[in-house]
Amino acid sequence: MRKFIWKLILFIAILVAVDLALGQTIRLYDYIRGGDIGKAHQVMTMIEPDVLVLGSSRASHHYDSDTIGAILGKEVFNAGFNGQGSLMAYGLLQGVKSRKTPEVVVYELTPLFDVFEDSGSSSINMLAPYKDSYGLDSLFYDIDSTNRYKMLAKSYAYNSALLRMLPNILLRRSQNIDGYEPLYGELREPAKTDITTGSKHRVDPVKLKYFKKLICETRNAGCRVVFTMSPTLIDDDDAYYRDMLDIAENMNIPVFDHSRDTAFINHPSYFQDNTHMNYKGAEKYTKVFAEELREYLTTKSQSEK
């Protein structure tokens, strides 16, 4: 019996030691330059942009930071992430605001990831290593109440992360300096798709909560928030965007809507697929949007003098 107890104590000690060792994985993040983990680390610990772009893959692929920066004369970073929405955006913004509050947040609306229930965008494990540093406890606990206990283990924050990190470290992938991720490839003709309707989706109360928190906290810090809807070949009915557009109206947030802009959707060669523009479409769209944003910011600035 005594021998068993000593083995048990040794086993527990080894588990604790391994957990503590894995908990130091965050130090490896400084060596990561590419991929989503590298980009997230860059946003959470390094950048200090004047203009921050947030949202899903439509944000990351549709907004050329250099072009916006050149037109506005400001530092711009694109912090859009594939398959992510309001929960990820809220966490990323906390990291950026810890160093500097942006002057403008550009938020590309994607209702499925921002306010509706879905299977993927509630997983923001890439931000787990930064939970304690940036006060993200409530965010993780609201997403999953069991995180309160799971995250007692230091290694939990790095579940599956090490395997994703190694290629970036070993292959020495270059860092994406401004966050913009252009797409290549050209759509010959739009594929037939069903109309995306809001009536098929249920609102996720946690996503909605943090979407509103993101807006309120950002504006209270003196930052302007603008919503965008970039060109898409998908037919979305009015109900799909209704919840987010109601928020925009109630909170007096401008919406730059180019979702059905014929200058883009009549040219399949500007798209990689029905949802995403390629670099040619993104370049043209970014110029149009950036000019509109400059005009809006100038008008607002003059009216407040």
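Predicted model: local features only at pLDDT ≥ 70, side-chain atom pairs only at ≥ 80, totals over all residues.
Residues are numbered from 1 along each chain as its sequence is written. Local features need pLDDT of at least 70, side-chain atom pairs count only at pLDDT 80 or more, totals for chains, interfaces and linings use all residues, and side-chain values use heavy atoms, with hydrogens and water left out.

Student: Is Phe 256 buried or exposed?
Tutor: Buried means under 20% relative accessible area, exposed over 50%, partly exposed in between (1.4 Å probe, protein chains only). Phe 256 has 10% relative accessibility, so Phe 256 counts as buried.

Student: Where does α11 bend?
Tutor: α11 covers residues 238–250; helices are DSSP runs (H or I, at least four residues), numbered from the N terminus. The bend is the angle between axes fitted to the seven residues ending at a residue and the seven starting there. That angle is about 40° at Met 244.

Student: Within what arc do the buried residues of α10 fall?
Tutor: The buried residues of α10 include Tyr 210, Phe 211 and Leu 214. The arc is that of the directions from the helix axis to the C-beta atoms. The buried residues line one face of α10, because they fall within an arc of 140°.

Student: Which residue caps the N-terminal end of α10?
Tutor: A side-chain oxygen lies 2.9 Å from the backbone nitrogen of Val 206. That oxygen belongs to Asp 204.

Note on methods. Helix = DSSP H or I, 4+ residues; strand = E, 2+ residues; numbered from the N terminus. Expected span 1.5 Å × (residues − 1). Polar contact = N/O pair within 3.5 Å; in protein donor to acceptor, adjacent residues only side chain to side chain.
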